[in-house]
Amino acid sequence: MSKLVIVESPSKAKSIGKYLGKGYKVVACMGHVRDLPKSSLGVDVENGFTPKYITIRGKAQLVNDLKKQAKASDAVYLAADPDREGEAISWHLATILGLDESAADRVTFNEITKSGVKQGISQPRTINLNLVDAQQARRVLDRIVGYNLSPFLWKKVRPGLSAGRVQSVAVKIIVDRENEINRFVQEEYWTIDVSLVTSEKERFVARLFGNEAGKLELHNEEEAGAVAKALKSSQYSVADVRLGRKTKNPAPPFTTSTLQQEASRKLGFGSNKTMSVAQTLYEGVDTKAMGTVGLITYMRTDSLRISQEAALAARNLISQRYGTEYLPDSVRVFKSRSTAQDAHEAIRPADPLLTPETVRGDLTNDQYKLYKLIWDRFIACQMKAAVLDTISVDISAGKYILKASGQSVKFNGFTVLYEEGKDEKQEEGQKLPPMEKGDPLNMEKVDPQQHFTQPPPRFTEATLIKALEENGIGRPSTYAPTISTIIQRGYVSKKNKSFCPTPLGVATNTIMTDHFSDVINVSFTAKMEDDLDRIAAGDRRWVDTMSDFYAVFSKTLETAEHDMGDTHVKVEDEVTDILCEKCGRNMVIKNGRFGKFLACPGYPECKNTRRLGETKPPELSDRLCEVCGRPMVIKNGRYGSFLACSGYPECKNVVSLAKEVPQACPKCGGDLQQRFTKRHRSFFGCKNYPKCDFVTWDEPMEEKCPRCGKTLFSKKTKAGVKVTCLQPTCGYSRTDSVPEEKHSDE
């Protein structure tokens, strides 16, 4: 028997092939084999939105090979990833290979382990056409939006732009936050902290709360100064002490969204990098002890469900490593969001007993960091809650009331292993000394402090993904590509790990908001995701969804074309803090034929340009151009550094930085020159270049070769100084010892 199993990637094929063994041949289709054509819409809007699929360019030979292997096999199993996209890939494969659509040839693997693969291959099913329709609807929907909106933006803003149903909403969220920040009006306020000492000489800090009338707000220095003066002459005592206890439960295991958020917070990974590394952990890594093994379950999921087997394995490990006091009475069960598809388990270690330390030597640094993050979070989610003792103290100071609070850990619970990262810095409670009601306190210092209210923070990658998920925009598989697209297209940029809209992003968003508000908005996009979920569940026909959408979209597009007419939106150039070395203006970012570059805004008076990554201006020399009198700058060329006039292109004077040395070229007898690479590393070459191509890193010596009389060259090695004659027909060489350095005893 010969059974063909088709997966998406070669590494996944290697892992699965090891577990299936003889009788199975596992091959990779390298992702999608069919798609809509790039050169046309590829959707027959007039006839039920029928897509016109073609074989992806460059995959014809691969498809022919798959057809031959399928024909020669007794059975074919389609084992693309266990999600909607994987279901669509399997359907395309079945179509292009001529397989029976009703045959039970679809298998899925939630984890690439021996048990996971054996279980998956033993439960073949038919292709779920509802999932295929949902993915097909998403693809057709995004093609119609992009294929119609992008040319609109080309005409109204700038050629080469793109628009998308989800990416445009993501840009809108970022622009709206920036507008909110710009509208924010800063307000002054003051706080007063008082350093106090107990009768046992223990110190702590309390903050002014208010007076008998309630909370007191201080708006300026005068108000704060008057209260501070009164506090300095007040008598202090403990008015009330409240002791409490609270529990802190562990975070649930990772979903795709929370994994991307936490990897961003704790590891500094972008969403694309997180998913790329997670994919390798899922598909399998080569280990010395076990061969190729998948380390985590499928990484595209919105479910918090975990298998009983995995939970019990985690509990056994907790009991052995940390003790039974860290083990809750029963398995922890987490409830998924009401909108979750719940097709797969949460992201967890495929084998919880395979600790990060066990496989550290087999993983790259990034793989280890991400696997440890996933493993720690999963094990911690099955541990007992942390228990904290809390104390709150009210302090009387004349007519004023101050408050102090603190907490101490009674039982660390899951925090012994893992604590979830936070997007905003949180103040930790201080450790307060024992106090009782009526205890007198001594004032040591009154400290009024000025503050200003802060605008809402810009979105980071973690908080943007969180916002997309909370608003129902996109699905686990779309967050990473959406963020990558809006960065690559130049709609947003990153500053200090936060997203800022570019002038292009602001201009594009303005058009989208003004003319496509019925289509490009949070609620409409979220509704479309709900409709796609209904299609996947079999509760709605995908053609009906497309018809409802297109009726609104086509009318909106027509109205926008009419309303804007010949209007063209001018996009202001993005100003940088890099100064033009010729005229002193702040350089701006321009878009050219070969991408972005820096240019002086003084064009055409100043035509200075620079590569975008070249943040440092050329180094000025102390030499003036003998042609026009401008300063000469040090440039790097193909053959090393040279001096060029800063007035280029008006003045094109250049001067070589090469230094002549008294030794002769061993090849042609010409003069030698010392030159410098782009990194200012010294080398020597013949002045007669290109007629003579002699070049060397070795340094010429005054000593002549005892054999042929030509120049000798030296270089330092571990064995000493190697002296060589580089005359092609000589070959003389020797190694001189390096004199030992003498150190004084002082």
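Is Arg84 buried or exposed? I looked it up: Arg84 is buried, with a relative accessible area of 9%. Buried means under 20% relative accessible area, exposed over 50%, and partly exposed in between (1.4 Å probe, protein chains only).

Ground rules. I am working on a predicted model, where local features need pLDDT of at least 70, side-chain atom pairs count only at pLDDT 80 or more, and totals for chains, interfaces and linings use all residues. Residues are numbered from 1 along each chain as its sequence is written, and side-chain values use heavy atoms, with hydrogens and water left out.

Entry: salt bridges. I took a salt bridge as a side-chain nitrogen of Lys or Arg within 4 Å of a carboxyl oxygen of Asp or Glu. The whole structure has 39 of them.

I checked Arg84 next. Its side chain meets that of Asp533 in a salt bridge at 2.5 Å, N to O. Arg84 sits in helix α3 and Asp533 in helix α16 (residues 522-536), 449 residues apart. Helices (H or I, at least four residues) and strands (E, at least two) are DSSP runs, numbered from the N terminus. Asp533 is also buried, at 16% relative accessible area.

I then looked up Lys14 and Asp286. Their side chains form a salt bridge at 3.2 Å, N to O. Lys14 lies in helix α1 (residues 10-20) and Asp286 in strand β12 (residues 285-287), 272 residues apart. Asp286 is partly exposed, with a relative accessible area of 45%.

Entry: α3 against α5. How far apart are the axes of α3 and α5? Helix α3 (residues 84-97) packs on helix α5 (residues 129-156) with axes 8 Å apart, at an angle of about 100°. Axes are lines fitted to C-alpha atoms, for helices over the stretch in contact, and angles run from 0 to 180 degrees between N-to-C directions. I therefore logged the two helices as roughly perpendicular (65 to 115 degrees). Among the α3 residues that meet α5 are Arg84 and Trp91; contact means heavy atoms within 4.5 Å.

Entry: a sheet. I found an open sheet of 4 strands, ordered β31-β32-β33-β34, with antiparallel pairing. Strands pair if DSSP finds at least two bridges between them. The edge strands are β31 (699-704) and β34 (733-736). I found 3 bridges between β31 and β32 (residues 711-717). Pro700 stands opposite Phe713 in β32.

Methods
Angles under 35 degrees count as roughly parallel, over 145 as roughly antiparallel, 65 to 115 as roughly perpendicular and the rest as oblique.
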